[in-house]
Amino acid sequence: MPVRWDSLNEVFDYYGDVEAHKEYWAEECGDFDGCFYGYSDEELQIVRDYISSVNHIRYPDVEIINIVLEESIAYFSGQKNTDDVISNINNRVQIVLDERAE
C-alpha cells in the first residue's frame with residue numbers, strides 16, 4: 001500500500017502530543033481549549049495497524065470518468081441536451097463494460 005509513513009507519523013505526532021503543538025493548534029482553531037483531543041499511543045497504534053492491514057486499494061475507473069467528462073462538456077457548452085448526454089454516456093460505458101467482459 002502506498003503510504004508515506006514519514007508523513008503519516010508527522011500527523012500522528014501532532015495528534016499524539018497536542019500540548020507540544022498548542023501554539024500551532026491555537027492558530028488553526030482560534031480557541032485552543034477543547035479544540036483537539038490528544039490521542040494516546042495505543043489509539044494511534046490501532047490506526048497504524050489498520051492502515052497496515054489494508055491490502056487492496058480501489059482506484060477510480062479513469063476510462064469511465066473520462067467518458068462522463070467528455071460527454072458533459074457538450075452539455076455545459078450547450079451543444080447537447082441532458083437526454084442526449086445521458087444516452088451517450090450510457091452507450092459508451094456499456095461498450096467499455098462489454099469489451100471488458102469478453
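**Entry 1: two helices side by side**

I began with helix α4 (residues 62-76) and helix α5 (residues 82-101), whose axes come within 9 Å and cross at roughly 160 degrees. Axes here are lines fitted to C-alpha atoms, for helices over the stretch in contact, with angles from 0 to 180 degrees between N-to-C directions. That angle makes α4 roughly antiparallel to α5 (over 145 degrees counts as roughly antiparallel).

I noted that this is a predicted model, where local features need pLDDT of at least 70 and side-chain atom pairs count only at pLDDT 80 or more, while totals for chains, interfaces and linings use all residues. Residues are numbered from 1 along each chain as its sequence is written, and side-chain values use heavy atoms, leaving out hydrogens and water.

**Entry 2: who meets whom**

Next I listed the contacts (heavy atoms within 4.5 Å). From α4 I found Glu63, Ile64, Ile67, Val68, Glu70, Glu71, Ser72 and Tyr75, and they meet Thr82, Val85, Asn88, Ile89, Arg92, Val93, Val96, Leu97 and Arg100 in α5. By class, I read nine nonpolar, three polar and five charged residues in this contact of α4 with α5.

**Entry 3: a closer look at Glu71**

Is Glu71 buried or exposed? I found that Glu71 counts as buried, at 8% relative accessibility (buried means under 20% relative accessible area, exposed over 50%, and partly exposed in between, with a 1.4 Å probe and protein chains only). Glu71 sits in helix α4. Leaving aside neighbours within four places in sequence, I see Glu71 in contact with Lys80, Val85, Asn88, Ile89 and Arg92.

**Entry 4: aromatic rings**

How many aromatic pairs does a search of the whole structure find? I got one. In this pair, the rings of Tyr75 and Phe76 have their centres 5.0 Å apart and their planes at 75 degrees, so I call the pair edge-to-face (ring centres within 6.5 Å make a pair, and planes over 60 degrees apart count as edge-to-face). Tyr75 is partly exposed at 37% relative accessibility, and Phe76 is exposed, with a relative accessible area of 69%.

**Entry 5: stepping back**

Last, I looked at the whole chain, which has five helices and zero strands (helices are DSSP runs of H or I, at least four residues, and strands are runs of E, at least two, numbered from the N terminus). Of the 102 residues in the chain, 16% are buried. I also noted that, among contacts in the chain with a separation of 6 or more, 41% are between residues 24 or more positions apart.

Technical notes. Angles under 35 degrees count as roughly parallel, over 145 as roughly antiparallel, 65 to 115 as roughly perpendicular and the rest as oblique. Ala, Val, Leu, Ile, Met, Phe, Trp, Tyr, Cys and Pro count as nonpolar, Asp, Glu, Lys and Arg as charged, and the others, Gly among them, as polar. Rings of Phe, Tyr and Trp (its six-membered ring) pair if their centres lie within 6.5 Å; planes under 30 degrees apart count as stacked, over 60 as edge-to-face and the rest as tilted.
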